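Welcome, and take your time looking around.

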Amino acid sequence: MVHGVLLAKVPLTEVDDLVQDVFMMALRRLSTLRGTGSFGAWLAAIARNLANDYHRHSVPEDQLTDDTSDNYIAGGNTGGDHEGAATEILEAVRSLPDAYRETLILRLVEGMTGPEIAARTGMTHGSVRVNLHRGMQQLRAKLNPNPSSNAPEQETP
Amino acid sequence: MDTGNNQTENKPLARGDDYLWDGSGEPDPEIQRLEALLGRFQHKRPAPVFPAIAPDRRWAFIPGRMRLVPVLATTAAAVVAIAVVAFLVNGRKTVPVIVAGWDVSSVAGTPRIGPNVISEKETSRLGVGQILETDHQSRASLRSEDVGQIEVEASTRLRLLTMDTGLKRIALDRGTIHAYIWAVPGQFVVDTPSAVTVDLGCAYTLQVDDSGAGLVRTSLGWVGFKLNGHESFIPAGAACATKPRVGPGTPYFEDASTRFRAALARFDFEDSTPDQRASDLAIVLGESRKRDALTLWHLLTRVDEGQRVLVFDRLGKFAPPPAGVTKEGILHLDRPMLDLWWNELGFDDISVWRHWERSWAGASTPVREK
């Protein structure tokens with residue numbers, strides 16, 4: 001979850017380092033956590049704050065580019081075409097509004113379901129659903145700006 | 001992080017969103033393509049353990065342990081420090097993640113939790129909100145020290161809905177599970193598309209086909225099957241089918257005659273004429289044996305008022321109504337009298353079930369979070 005939150009906001013090459021920073025900070029602040037129920041939301045908040053700090057201190061916002069290297073590709077296929085397409089799609093996701101891109105990355109990259117995202121981040125189910133729905137709508141529009149080919153017909157099972 | 005637009009939060013969304021939401025429903029090819037492409041960026045390293053935040057639930061049942069809280073807290077803090085340092089120093093070494101859920105191991109093939117294949121060598125964890133899926137060659141085994149063990153057959157899809165102290169709930173969307181439950185009766189609940197299954201201290205097999213129809217077969221103890229107001233109790237040796245939009249049928253012992261079972265299936269699920277229903281009921285009553293009192297008792301609440309007296313008479317022949325139970329009361333479906341008579345049949349005390357009903361009034365309907 002922490003990885004997904006960070007991936008939505010910082011360059012790929014910085015994500016792993018920042019994941020460790022998040023857990024270091026969480027450890028230092030553990031005594032300030034009130035109630036175990038909010039642990040996920042608390043951890044997500046730390047991740048978002050660190051991502052914001054990263055931008056304040058080191059990189060202008062508009063330089064959120066992907067310098068994807070093989071070190072960061074966990075999947076088996078590292079073929080150039082797929083890698084290029086994946087990077088392009090990731091960029092499209094990261095150009096969406098904050099709430100949509102984070103929720104979509106948790107769903108599409110980290111493989112979490114909507115209920116799991118809600119449970120881990122502390123968001124309501126309704127918020128996660130709306131973020132997924134609208135984020136996906138905007139992502140489809142970005143990836144395929146031609147509306148006629150972007151609206152698949154409902155298939156009969 | 002929230003959209004902040006609360007007015008739209010509960011607005012019904014398009015049906016195609018089911019797959020996007022929790023992977024259920026008709027898969028969306030475009031989303032599947034995005035998952036496949038973007039999955040390469042997924043985080044593969046384990047997260048550090050926070051045992052003070054997610055304690056092992058076994059401790060919660062032992063009040064005497066409370067005296068050890070200060071000691072445990074100190075120990076937990078030390079473990080946290082060690083775990084995090086270990087994670088930071090050896091990022092790629094395995095550090096188990098403790099979350100409420102079931103331990104899952106692969107029995108055959110390549111079962112998956114979400115997009116992740118379960119390793120043959122290691123135990124994975126099925127957390128709340130996650131989906132376990134087996135293909136036609138895969139099987140898996142789930143185990144929880146507090147609840148029991150579930151064997152998951154091939155071509156099965158289940159979701160973990162809740163893992164609270166008093167209620168463990170999964171949804172079986174399709175496929176077959178064999179459940180061996182040692183949790184307190186009433187605490188383990190399985191949603192199917194057409195009924196809710198409540199463990200009442202037992203071992204049972206539950207099957208759900210692609211249409212959402214289900215069948216439960218109890219091998220030990222008994223199981224409750226419920227949808228809204230429709231309920232069935234299935235003791236060891238008995239089975240009960242359930243159908244979408246109808247709910248649980250009438251339970252029967254599997255050694256009943258073929259004619260008995262066929263007539264009962266038609267009576268429960270076919271859209272028959274009144275004459276056909278009367279004919280099927282006559283076969284069931286005529287073929288019934290002493291132990292089929294199980295079926296007859298359930299039929300009391302499922303037959304027309306005019307037929308009820310026939311069922312009463314037949315059931316009374318096998319198990320006379322006990323003191324406090326009158327014909328008039330049964331014909332008017334007096335609930336306490338029905339329960340008293342059930343307890344005389346020798347299956348189990350129905351008060352366990354009634355207690356569950358009172359405790360989990362909202363749990364008799366399958367969870368739908370869509």
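Is Leu294(B) buried or exposed? At 0% relative accessibility, Leu294(B) counts as buried, a word used here for under 20% relative accessible area, with exposed meaning over 50% and partly exposed in between (1.4 Å probe, protein chains only).

Before going on, a word on how to read the names and values. This is a predicted model, in which local features need pLDDT of at least 70 and side-chain atom pairs count only at pLDDT 80 or more, while totals for chains, interfaces and linings use all residues. Residues are numbered from 1 along each chain as its sequence is written, chains are lettered from A and ligands numbered from 1 in the order in which they are written, and side-chain values use heavy atoms, with hydrogens and water left out.

**The two chains**

Chain A has 8 helices and 0 strands, and its elements run α-α-α-α-α-α-α-α from the N terminus on. Chain B has 10 helices and 18 strands. Helices (H or I, at least four residues) and strands (E, at least two) are DSSP runs, numbered from the N terminus. Of the 157 residues in chain A, 54% are buried; for the 370 residues of chain B the share is 48%.

Contact means heavy atoms within 4.5 Å. Taking the contacts in chain A with a separation of 6 or more, 63% are between residues 24 or more positions apart. In chain B, 49% of the contacts with a separation of 6 or more are of that kind.

**Around Leu294(B)**

Setting aside neighbours within four places in sequence, Leu294(B) touches Phe233(B), Pro235(B), Ala238(B), Pro251(B), Tyr252(B), Phe253(B), Trp342(B) and Phe347(B). One of these, Phe347(B), is 53 residues from Leu294(B) in sequence, with 8.3 Å between their C-alpha atoms.

Thr250(B) is another residue to look up, in the loop between strand S17 (247-248) and strand S18 (252-253) of chain B. With a relative accessible area of 1%, Thr250(B) is buried. Apart from neighbours within four places in sequence, its contacts are Cys240(B), Leu264(B), Asp268(B), Thr295(B), His298(B), Leu299(B) and Arg302(B).

**Aromatic rings**

Over all chains, the structure holds 9 aromatic pairs. Rings of Phe, Tyr and Trp (its six-membered ring) pair if their centres lie within 6.5 Å; planes under 30 degrees apart count as stacked, over 60 as edge-to-face and the rest as tilted. Here are two of the pairs.

| Pair | Centre to centre | Angle between planes | Kind |
|---|---|---|---|
| Trp222(B) and Phe233(B) | 5.8 Å | 70 degrees | edge-to-face |
| Trp342(B) and Phe347(B) | 5.2 Å | 40 degrees | tilted |

Trp222(B) is buried at 3% relative accessibility, and Phe233(B) is buried at 0%. In the other pair, Trp342(B) is buried at 0%, whereas Phe347(B), at 23%, is partly exposed.

Ring pairs also join Trp222(B), Phe233(B), Phe253(B), Trp297(B), Trp342(B) and Phe347(B) into a cluster. The ring of Phe253(B) has the charged end of Arg291(B) over it, 3.8 Å from the ring centre. Arg277(B) likewise lies over the face of Phe267(B), at 4.0 Å from the ring centre. A charge sits over a ring if NZ of Lys or CZ of Arg is within 6 Å of the ring centre and within 35 degrees of the ring normal.

**Helices that pack**

Where do the chains bring helices together? Helix H7 (residues 125-143) of chain A and helix H2 (residues 29-38) of chain B pack at about 80 degrees, with their axes 12 Å apart. Axes are lines fitted to C-alpha atoms, for helices over the stretch in contact, and angles run from 0 to 180 degrees between N-to-C directions. H7(A) and H2(B) are therefore roughly perpendicular, the term for angles of 65 to 115 degrees, where under 35 counts as roughly parallel, over 145 as roughly antiparallel and the rest as oblique. Met136(A), Leu139(A), Arg140(A) and Leu143(A) in H7(A) meet Glu30(B), Ile31(B) and Leu34(B) in H2(B). By class, this contact has 5 nonpolar, no polar and 2 charged residues. Ala, Val, Leu, Ile, Met, Phe, Trp, Tyr, Cys and Pro count as nonpolar, Asp, Glu, Lys and Arg as charged, and the others, Gly among them, as polar.

H7(A) also packs with helix H5 (residues 98-108) of chain A, at an angle of about 95 degrees and with 8 Å between the axes. That makes H5(A) roughly perpendicular to H7(A). The residues of this contact comprise 8 nonpolar, 4 polar and 2 charged.
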